Amino acid sequence: MTDAASQSVFGGLSPHEADGLLALIGAYRADARPHKLDLGVGVYRDQHGRTPVFGAVKAAERHLLEMQDTKSYLGPQGDVGFLDALKPIIFGSLRTEGVFGAQTPGGTGALRLAADLLASGRPGARMYIGDPTWPNHPQIFQAAGLRLERYGCFDATTQTADFDATMAALETARPGDAVLLQACCHNPTGADPSLDQWATLARLIERRGLIPLIDLAYQGLGQGLEPDAAGMRVVLEAAPEALVAYSCDKNFGLYRERTGALFVLARDPRHLANAASNVLALAGASWAMPPDHGAAVVRVILQDAAMSAQWEAELETMRQRLAGMRKALASQATSLAALDGHHGMFASLPLTPGQVARLRETHAIYCAPSGRINLAGLTPETLASFTHAYEAVRQASSVSTDVHDL
C-alpha cells in the first residue's frame, strides 16, 4: 500500500522562516505598553501616526465612480494612459521613442518582470547588487534564476555610502551583466549618490556594457520629483539599454492597490520590439492582466491639472515632514549627524541585533534587526524619547557584554 504522505509534493518542501517584519508587526500589536513606538513598517505616516489617503486620490476615485463605464480586462500591457502619463515624471526631457512600458502589480511586480526578462535574454547573467538593500531584492532575482554578485556599499558606523566599493565591484562585471541601482531614497540607508557620482556610474556602465535596472520606488519623497530622477536620467542617457521599475505605492499612497510599471529602454528598434513582446508574454504567464484601480487613479490625477497640482502639494508635505524629522534626529546625536545629508523614509542606524532587541524589550521601540528605522514613525513628541533610548542601549553595550550577540 502506497504511503500517500510520502508521495505528497508538499511533503518534499522545506519550511521557510517567517518574514521577520511580519513577526515584528505581530509583536508590536501584542505589546500593551502605551508608549510603544513602531519604526519598522515601511509605510509613510503623518504626525498623527496615520497613513492617509491623498485628497487627490479621493477626487480621482469620485471621478471614476461617476465616469468609469466598464470593468473589462485591460490587456497584458495594462492601462496605456497610465503609462503615458508617468513618462514625463520619470524621464523628463529624455526622448521616449525607444521606451516600452507595461503596468505591473506594484514595484515588486515590475522588479520580478525585469528579472524574468533578464534571465530569458541572457541565461546565466549576473546581477550586481549593493549590500545592504531591500530584503526582497535578492529573493526576487534569485527566484528568477539570476546569479547574484553582492558587494558592500554602506558603512553603518560612519553612516556613509561606500561609492569606491561600488565602483570597484562594477569594474569586475562583464558585458551583459546587470546592476541594480536605487534611483533615490535608498532603502534601507537613505544614502544616495551625488550627481557627480551618478555621472561616474553612467560612464562605467556604458564603458563596460552593463544593463542598469533602476528601482524608482520613492520619487518625490527625497529632494522632490525632478531632483529624485536626475541621477537616474544621467545613467539612462548613457546606457544603450536599461530597465526602470516604478512604484506608485508610496508617492501616491496606493500601498494596497499595488500600482507599478516596468519600462524597457533600447536604442535599437529591433531589440525594443523583441523586449516588448517578451515582457507581454512573461506578464501574461505571471498575472495575465494587471489590476485596474490604482493605475486608473494615477492616470486620472496626472491627466487633470487641478488634481495633479493637489497631488504634488500633498507629496511635498510628506517630503518636508520626512526631511524635518531626519534633520531633527541628526541634530540629536553625534553618531547620527550624517543622516542630515541623506534622503527619504529610511535610515540604517549603527545598532547590533542585540541593541535592537533591547530597544524593544526595555523601551518598547520596534525596528528591524538590521537597525533600519522608518523616520515617518517618529514625531516631534517622540523624538526625544527615541534618542534617549538609542543612546542608552549604545552606552550600555560599551560597558557590558551584549548577550544577544553571543
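Predicted model: local features only at pLDDT ≥ 70, side-chain atom pairs only at ≥ 80, totals over all residues.

Mentor: Residues are numbered from 1 along each chain as its sequence is written, and side-chain values use heavy atoms, with hydrogens and water left out.

Trainee: At what angle do helix 3 and helix 11 pack?

Mentor: Two packed helices are described by the angle between their axes and the distance between the axes. Helices are DSSP runs (H or I, at least four residues), as are strands (E, at least two), numbered from the N terminus. Axes are lines fitted to C-alpha atoms, for helices over the stretch in contact, and angles run from 0 to 180 degrees between N-to-C directions. Here helix 3 (residues 55-67) and helix 11 (residues 293-302) pack at about 105 degrees, with axes 9 Å apart.

Trainee: Which residues of helix 3 and helix 11 meet?

Mentor: Contact means heavy atoms within 4.5 Å. Among them, A56, V57 and L64 in helix 3 meet residues of helix 11 including A296 and V300.

Trainee: How many salt bridges are there?

Mentor: A salt bridge is a side-chain nitrogen of Lys or Arg within 4 Å of a carboxyl oxygen of Asp or Glu. The count is 17. One of them joins R45 and D38, at 3.1 Å from N to O.

Trainee: Are R45 and D38 buried or exposed?

Mentor: Buried means under 20% relative accessible area, exposed over 50%, partly exposed in between (1.4 Å probe, protein chains only). Both R45 and D38 are buried.
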